[in-house]
Amino acid sequence: MGAGRQALNVGALHHVEVWVPDLDAATRSWGWLLGELGWTLFQDWPAGRSWRLGPTYLVLEQSPALSGPVHDRLAPGLNHLAFHAGPPAVVDRLVAAAPAHGGTLLFPERHPHAGGPDTYAAYLTDHQGYEAELIATVPDR
């Protein structure tokens, strides 16, 4: 590997591993969303799946070493994963389709500006309590 390529990767996110209590449920909600965002299935084994986008991958694993059966996004640790989602129309389409895949819109009374007046985003949670933020690319005003 050349020095230039190695320098581009230093500090970049390599992967994220999320332990889930129900792999099938997580695969239904996250697999759908990641596919919609351009990620492709990368690895598949009895206790886990991963999806890749470029050099980065996301792992969902139902580990036998889990210390408990419930994820709490409000406890110390992972609160959410945030993704660039494209234009506002894509965010709107994903929000509309999310319930069929186990997703629920958080903060519906403030959607799509729950992150503030200058953001266009959706905050989705799945049945296990994991949250994804979908951030729209909005042209400069």
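At what angle do helix H2 (residues 23-36) and helix H3 (residues 88-97) pack, and how far apart are their axes? The legends below begin with this pair, and every view is taken from a predicted model.

**View 1. Packing of helix H2 against helix H3.** In this predicted model, H2 (residues 23-36) and H3 (residues 88-97) pack at an angle of about 160 degrees, and their axes lie 12 Å apart. Because angles over 145 degrees count as roughly antiparallel, H2 is roughly antiparallel to H3. The crossing in which H2 passes H3 is right-handed.

**View 2. Residues at the contact of H2 with H3.** From H2, the residues Trp-32, Leu-33 and Glu-36 meet Arg-93, Leu-94 and Ala-97 of H3. Sorted by class, this contact of H2 with H3 holds four nonpolar and two charged residues, with no polar residue.

**View 3. The open sheet E1-E4-E3-E2.** Four strands, in the order E1-E4-E3-E2, form an open sheet whose pairing is mixed. Its edge strands are E1 (15-19) and E2 (40-45), each of which pairs on one side only. Neighbouring strands of this sheet are turned against each other by 15 degrees on average, with direction ignored.

**View 4. Pairing of strand E2 with strand E3.** At one end of the strand order E1-E4-E3-E2, the edge strand E2 pairs with strand E3 (residues 48-53) in the antiparallel sense, over five bridges. Within this pairing, Leu-41 has Trp-51 in E3 as its bridge partner.

**View 5. Strand E7, covered on both faces.** Strand E7 (residues 121-125) is mostly covered, with five of its five residues buried. On one side of E7 the buried residues are Ala-121, Tyr-123 and Thr-125, while on the other they are Ala-122 and Leu-124, so that both faces of the strand are covered, buried here standing for under 20% relative accessible area.

**View 6. Strand E7 and its partners E6 and E8.** Strand E6 (residues 104-105) and E7 run antiparallel and are joined by two bridges, and the partner of Thr-104 in E7 is Thr-125. E7 also pairs with strand E8 (residues 131-136), again in the antiparallel sense but over five bridges, and here the bridge partner of Thr-125 is Glu-131.

**View 7. The hairpin of E7 and E8.** Five residues lie between the two strands of this hairpin, in which Gly-129 takes a positive phi near 95 degrees.

Methods
Residues numbered from 1 in each chain as written. Predicted model: local features only at pLDDT ≥ 70, side-chain atom pairs only at ≥ 80, totals over all residues. Heavy atoms only, no water. Buried < 20%, exposed > 50% of the residue type's maximum accessible area, 1.4 Å probe, protein only. Pairing = 2+ DSSP bridges. Axes fitted to C-alpha atoms, helices over the stretch in contact; angles between N-to-C directions. Parallel < 35°, antiparallel > 145°, perpendicular 65-115°, else oblique. Left-handed = near helix turned anticlockwise from the far one by under 90°. Contact = heavy atoms within 4.5 Å. Nonpolar A, V, L, I, M, F, W, Y, C, P; charged D, E, K, R; others polar.
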